[in-house]
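The sequence and the coordinates are shown first.

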Amino acid sequence: VFASSLAIGLILHWNSIILYLSPSLLYYFASCIPIWMDNYYSSSVRIVKAYSIPNSGGCTEMTIRVPTKTTTCGKYARISVPEMSNIWHPFTVFSLSEETTTIKILFRAYGPFTKRLSECLHPK
């Protein structure tokens with residue numbers, strides 16, 4: 001009975017339902033398309049080195065090799081780890097090395113994403 005009344009309601013009020021669902025669908029596709037494109041073109045970066053800084057309250061320094069020089073010190077890099085989360089997370093670039101394709105990011109394991117990232121980089 002419920003399924004048939006739901007189907008009748010959907011048929012009769014389809015224009016209201018489209019107006020109700022379109023912002024949610026737009027937000028979903030706007031947040032997922034960059035991840036799909038990145039996975040399709042596989043222009044990912046590689047972590048060269050990561051180490052925990054002693055007596056820093058859980059800070060980790062991560063050195064990343066990027067394909068081309070895309071940022072400068074003080075800018076931010078958006079990082080996505082599809083195995084952990086489909087959301088891009090911003091990190092501040094704190095140092096550029098002599099190599100033009102290597103950047104360093106310093107972060108503290110504070111939130112859920114950075115805690116999981118730190119655990120993945122430093123397995124116990």
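The text below covers the strands, the turn, the core, the salt bridge and the surface in that order.

**Strand pairing**

The model is predicted. Strand β1, residues 46-52, runs antiparallel to β2 and is joined to it by six bridges. On its other pairing, β2 is linked to strand β5, residues 102-108, by seven bridges, again in antiparallel fashion. T63 can be followed through both pairings: T63 in β2 is the bridge partner of K49, and T63 also has K104 in β5 as a bridge partner. Strand β2 spans residues 59-65, and because six of its seven residues are buried, the strand is largely enclosed by the rest of the structure.

**The turn between β1 and β2**

The two strands β1 and β2 form a hairpin, with six residues between them. N55 is in the loop that connects β1 and β2. The phi angle of N55 is near 55 degrees, which is positive although the residue is not glycine. N55 counts as exposed, at 86% relative accessibility. S56 lies in the loop between β1 and β2 as well, but S56 is buried, with a relative accessible area of 18%. A polar atom of the S56 side chain is placed 2.6 Å from the backbone oxygen of I53.

**Nonpolar core**

The largest nonpolar core has 14 residues, and those touching the most other members are I64, I79, F91, I103, I105 and L117. Two or more residues of this core come from each of β2, β3 (76-79), β4 (89-96), β5 and α3 (112-121). Strand β5 gives the largest share, three residues. As a general point, nonpolar side chains in soluble globular proteins tend to be buried together.

**Salt bridge**

How many salt bridges does the structure hold? There is one salt bridge. The side chains of K104 and E61 form it, with an N to O distance of 3.8 Å. K104 belongs to strand β5 and E61 to strand β2, so the pair ties together parts that are 43 residues apart in sequence. Is E61 buried or exposed? E61 is buried, with a relative accessible area of 9%, while K104 is partly exposed at 22%. The cut-off for buried is under 20% relative accessible area, so a value of 22% for K104 falls in the partly exposed class.

**Surface and helix α2**

A nonpolar surface patch of about 850 Å² is made by Y20, L21, L25, Y28, F29, I33, W36 and M37. Y20 is located in helix α2, which covers residues 14-41. P34 also lies in helix α2. The C-alpha atom of P34 is 9.7 Å from that of N86, although the two residues are 52 residues apart along the chain.

| Residue | Relative accessible area | Class |
|---|---|---|
| Y20 | 66% | exposed |
| P34 | 32% | partly exposed |
| N55 | 86% | exposed |
| S56 | 18% | buried |
| E61 | 9% | buried |
| K104 | 22% | partly exposed |

Notes: Residues are numbered from 1 along each chain as its sequence is written. This is a predicted model: local features need pLDDT of at least 70, side-chain atom pairs count only at pLDDT 80 or more; totals for chains, interfaces and linings use all residues. Side-chain values use heavy atoms; hydrogens and water are left out. Patches are made of residues with over 30% relative accessible area and no salt bridge: like charges are joined within 9 Å, nonpolar side chains (Val, Leu, Ile, Met, Phe, Trp, Tyr) within 5 Å. Accessible areas come from the Shrake-Rupley method with a 1.4 Å probe; for residues, only the protein chains shown count as cover. A salt bridge is a side-chain nitrogen of Lys or Arg within 4 Å of a carboxyl oxygen of Asp or Glu. Helices (H or I, at least four residues) and strands (E, at least two) are DSSP runs, numbered from the N terminus. Buried means under 20% relative accessible area, exposed over 50%, partly exposed in between (1.4 Å probe, protein chains only). Two strands pair if DSSP finds at least two bridges between them. A polar contact is a pair of N or O atoms within 3.5 Å; within protein, one must be able to donate a hydrogen and the other to accept it, and residues adjacent in sequence count only if both atoms are side-chain atoms. A nonpolar core is a set of buried Ala, Val, Leu, Ile, Met, Phe, Trp, Tyr and Cys residues joined through side-chain atoms within 4.5 Å.
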